[in-house]
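I opened this notebook page to record what I looked up about how two chains meet, and how far the model can be read.

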Amino acid sequence: MKKLKGPGNKNYNVLFHTHTVAGIVISFALFVIFYAGAFSLFRTEVAQWENPDMRQPVDENFNFDEALAIVDETYGGLNYYENTNIWFPTEESPVLRVYGAFNKTDSTMERMAAYINPATLEVQDIQEPKTTVSDTIYFLHYFRQLPIIGRYLSGLVGLFFLFAIVTGVFIHWRNLLTKMYAFIKEGSWKSIWTNAHTVLGVIGLPFQVIYAVTGAFFGLLVLILVPAAFLLYGGDQEQLVSKVNPAAALTVEKEATAFQHLSLNELYHQVQAAYPQHTILNVSTRNYGKEDALAFWNIDDHQGINSNGSLSMRMKDGVVLKEYSTLPNDKSYSMSVIGYIFKLHFGSFGGYTMRIIYFVLSMITCFMIISGVLIWRTARDNKRYTLKQRIFHHKVTKWYLAICLSMFPAFALIFLANKAVPLDMAGRTGLVNQIFFLGWLAFTIGGLFFNKYAAQNKFYLTLGGVLSFLVPVANGLVTNQWIWDSWDTYHWVAYIDLFWLFAGFTALYVALFELKVKEESDYPTPFGKGDGEHLETDEVEESIVAEEEKNRAVADPVLDPQLAIKGLSK
Amino acid sequence: MPAKKKYLSSGWTRFSKVMAIIFGAYAATFTLHIALAKIVPDDTPVLLTSVFTSFFCWVGLMVMVYMIRRAWVGWSVLLMIISVSSLIIYVT
């Protein structure tokens, strides 16, 4: 295969350096984002696993208007002039969720969020939830636990991730074709990590670019779109909003008279009949119960990239106002473009298959981040560096591995804490969060006692494996819904239990049978005479280059065609 | 193999470049997109597309700053983009 012409020597080295520095700086934050993000793809499904309210069949005869009236009563009268958003029950989340506003006093208004349980008609405040596994993981995904700066920090990590991707492609360009299939386990550790890093990087490239750009958008929106809109439209930003969302042009009167318009159930069935392939996600209402009441129905089939839409109507007649709606697959460019970001980021297209692919690719990206750190370390474990420098590299690597790898047992722990802490206990969500974060800290500290990376890895795999096995057991014991019970009723509860069983089995198998911990420690020791003086003489350089050439000869499929065939057949 | 030291900048040049890729490249990206939106007949699509292109542009300028050996040359390219774009924004 032909080698591509890469950047020149100078640019190659400069870009290599920026890639390394940017990569090392963002690495563990990026790992946390990808690991938490992978689980957040199944947020609603995890919520069903964690919260007993979500485990009930969808009530087909549930009266939405009556339920809304109960929520209204609970909050002492909702302010329906403000946007009131109602999310409909689904198989994974069979409750009715209401996001609205209520008048706290005569002059102050506050936003509210609650769901109502169709079976018991109990109203539960979402801002003070009963359970918090999926929320904690989702908030961790964009560092919401860090006040104010968290979101921007995650956006900046996204931006520098894109930078690392672009510089990475530049550096790898020469070998892009020749090492396309370098699935090789032979050679020195440095070439194993390098091959893994580059091959998986190329496979995951489109996905990673998507995530870097859309992730940076969510974090840095305030830097990109907001000032631009202000500069272009001055104070009149509604001009922009109406082009993106034509429904914004529809208004209601504050002093409208009370009116008995069509019921939510009636309109729901009408919309469902018009779009039988689509799921009705939610309806956003204004002036509910008044003469000029408006309803905006958001629908999505979770298949196409542009197949979601919003239908606007007056609730008194239920006629869809086409010019104020964004119809599925029939939108202008301006109406679609922001929607693409959401679809691409949350994987809400291509059905469950796409989200599973997203999950796997996220995990591959996690592996890439780890392998990148290990390349950084092994490439510096030679005579070019003083012993002090090498010990520093070792310690950084050890910390990074401890923080990242301990997320596996820590995530199993939060699932366990969800079942171990009794549901009716006061302040239970705070306790669950404490167990998770302190557990993660304890696991991280535990990993720092290892000076062999393989032993450290084995520790986390064993610990995580055991905890993973306990997750479905805890679910079975506490909720009395074992995998064989939930298999026919709540599929996703069973799938999540099975996922943890699979994760536990794989982790323990690898830890006990596959992972070989070598005798010698990874803690740097002197190379002998002359070490520690930071040598950069030609002699040292030559000996290192010669050694690297030798290693490469073993692992380079271009130089060794037999190895290439072996690599392919694996 | 780590990058060869002889090609890398140090001290103030390095600091200047880091400032250039964060603030300079951002300002250049921002003004460039606004100027583009001002020139074309319908600014909304340009503005909305900028949510994708801004990040590519920003990162592209970062790479450019590092490919130029001298920090001040990189800065002048960025400042040129900023001033030309600003001029267009001001005039139109």
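The entries below go from confidence to the interface.

**Entry: confidence.** I noted at the outset that this is a predicted model, and I looked up chain A, for which the mean pLDDT is 87 and 92% of the residues reach 70 or more. I then marked residues 557-570 of chain A, over which pLDDT stays under 50 and for which the model has 17 contacts beyond four places in sequence. Where pLDDT is low, the predicted coordinates should not be read in detail.

**Entry: extent of the interface.** I looked up which residues meet and found 46 residues of chain A in contact with 36 residues of chain B. The area buried between chain A and chain B is about 4000 Å², and carbon and sulfur atoms give 77% of that area. Of the area that chain A buries against chain B, 16% is supplied by Lys10(A), Ile224(A) and Leu232(A), which is more than any other three residues supply.

**Entry: polar terms.** I searched for salt bridges across the interface of chain A and chain B, and the rule finds zero. For polar contact I recorded five residue pairs between chain A and chain B, both residues being at pLDDT 80 or more.

**Entry: the side of chain A.** I listed the elements giving two or more residues to the side of chain A that touches chain B, and they are H1 (9-40), H5 (149-172), H7 (205-233), H8 (238-244) and H10 (333-346), helices of chain A. H7(A) gives the largest share of that side, 14 residues. Sorted by class, the side of chain A that touches chain B has 32 nonpolar, seven polar and seven charged residues.

Notes: Residues numbered from 1 in each chain as written. Chains lettered and ligands numbered in written order. Predicted model: local features only at pLDDT ≥ 70, side-chain atom pairs only at ≥ 80, totals over all residues. Heavy atoms only, no water. Contact = heavy atoms within 4.5 Å. Buried area = accessible area lost by both parts, 1.4 Å probe. Salt bridge = Lys/Arg side-chain N within 4 Å of Asp/Glu carboxyl O. Polar contact = N/O pair within 3.5 Å; in protein donor to acceptor, adjacent residues only side chain to side chain. Helix = DSSP H or I, 4+ residues; strand = E, 2+ residues; numbered from the N terminus. Nonpolar A, V, L, I, M, F, W, Y, C, P; charged D, E, K, R; others polar. pLDDT = per-residue confidence, 0-100.
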